[in-house]
Amino acid sequence: MRIVLLGPPGAGKGTQAKVLAQELGVAHISTGDILRQNVKDATALGQEAKDFMDRGLLVPDGLMSKMLQDRFAQDDIKKGFILDGYPRNIAQAKTLEEIFKPKGIDIDIVVYLDSSDSVIIQRLSGRLVCSKCSANYHVTNMPPSKQGFCDKCGAALYQRTDDKVETIKKRLDVYKNEVADLIKYYSGQNKLHRLSADGPAQEVLKEIVALTK
Ligand code: AP5
């Protein structure tokens, strides 16, 4: 199964993709996680991307395209994948098709997780992320069992630098500028499925799983 998760920051793309990838036995490709790892490792890509990310802007398409090509050259994508955070505009959707064409593969479904601005701000301003395995928590919605530490691997949790309210609003603006075109693009290919992501995570997961049957 090859799935793209679309949706605003904070809709729950990462939360759902991690569980879904395990359930379906496919790879989880999060462009945000790959970029943050590059920033942490101070790679050339990380150094170029950091300022865009901190300001809530998209990292330039050229950098993203190279990163995606490298990721899709890895073997694990052969069993299928969930793509979380890419594409974010039409140019990226076309890049994806160019990467797929020689491999003879295509996206099966695009799941659009829709969420309201108030829910997004509440979720992102309380999000905590594991510094080692990238698991997501929320101070009230999904608190870890031991405050400040990951349930899965025990590493320390941190708040993302782009989860300040002003940066969240900027990320939402950037998202809204691009998403309408992407929705039209994937609707035109009969691949788009729209779900409300405002409900409990388990309910949202059930709805996504139903789409994969
Ligand atoms: P990225 O990391 O992809 O950020 P994003 O798209 O803004 O999405 P988020 O990770 O913030 O939200 P999410 O939908 O995954 O929500 P989550 O599951 O964490 O990208 C970061 C930056 O990298 C971008 O701004 C850009 O600069 C750059 N970038 C990345 N991809 C790029 C691309 N293709 N092109 C150019 N630049 C790119 O959930 C959020 C919180 O809510 C968590 O605390 C979670 O516990 C909680 N939660 C989730 N679901 C529920 C629920 N149903 N009920 C209650 N709480 C919930």
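**Reading a predicted model: sheets, a helix and rings**

Guide: In this predicted model, helix α2 spans residues 31–40, and T31, G32, L35, R36 and N38 are its buried residues.

Visitor: What covers the buried residues of α2?

Guide: The cover includes the strands β2, β3 and β7 (157–158), together with the helices α3 (44–54) and α4 (61–72).

Visitor: Now the sheets. In what order do the five strands of the open sheet stand?

Guide: To read a sheet, take the strand order and the direction of pairing. Here the order is β2-β3-β1-β4-β8, and the pairing is parallel.

Visitor: Which strands stand at the edges of this sheet?

Guide: β2 (27–30) and β8 (192–196) do. Each has a single partner strand, so one side of each is left without a neighbour in the sheet. On average, and with direction ignored, neighbouring strands of this sheet are turned by 20° against each other.

Visitor: How many bridges join β1 to β3?

Guide: Four bridges link β1 (residues 2–6) with β3 (residues 81–84), and the two strands run parallel.

Visitor: Which helix lies across β4 and β8?

Guide: Helix α8 (residues 201–211) lies across β4 (109–114) and β8, and α8 runs at about 165° to β8.

Visitor: What does I3 touch, leaving out residues up to four places away in sequence?

Guide: I3 touches L20, L24, F81, I82, L83, I109, V111 and T212. As for K78, it is 75 residues from I3 in sequence, and the two C-alpha atoms are 13 Å apart in space.

Visitor: What is the strand order in the open sheet of three strands?

Guide: The order is β6-β5-β7, and the pairing is antiparallel. β6 (136–138) and β7 stand at the edges with a single partner strand each, so one side of each is left without a neighbour in the sheet. Three bridges join β5 (residues 127–130) to β6, and within β6 the bridge partner of L128 is Y137.

Visitor: Last, the rings. What describes a pair of aromatic rings?

Guide: The distance of the centres and the angle of the planes describe such a pair. The structure holds four aromatic pairs. One of them is F72 with F81, an edge-to-face pair at 5.0 Å centre to centre with 80° between the planes. Both F72 and F81 are buried. Y185 and Y186 also form an edge-to-face pair, at 5.4 Å centre to centre and with 80° between the planes. Y186 has 0% relative accessibility, so Y186 counts as buried.

Visitor: Which residues form one aromatic cluster?

Guide: F72, F81 and F100 form one cluster.

Visitor: Which residue lies over the face of F149?

Guide: K146 does, at 4.7 Å from the ring centre.

How values were computed: Residues are numbered from 1 along each chain as its sequence is written. This is a predicted model: local features need pLDDT of at least 70, side-chain atom pairs count only at pLDDT 80 or more; totals for chains, interfaces and linings use all residues. Side-chain values use heavy atoms; hydrogens and water are left out. Two strands pair if DSSP finds at least two bridges between them. Axes are lines fitted to C-alpha atoms, for helices over the stretch in contact, and angles run from 0 to 180 degrees between N-to-C directions. Contact means heavy atoms within 4.5 Å. Buried means under 20% relative accessible area, exposed over 50%, partly exposed in between (1.4 Å probe, protein chains only). Rings of Phe, Tyr and Trp (its six-membered ring) pair if their centres lie within 6.5 Å; planes under 30 degrees apart count as stacked, over 60 as edge-to-face and the rest as tilted. A charge sits over a ring if NZ of Lys or CZ of Arg is within 6 Å of the ring centre and within 35 degrees of the ring normal.
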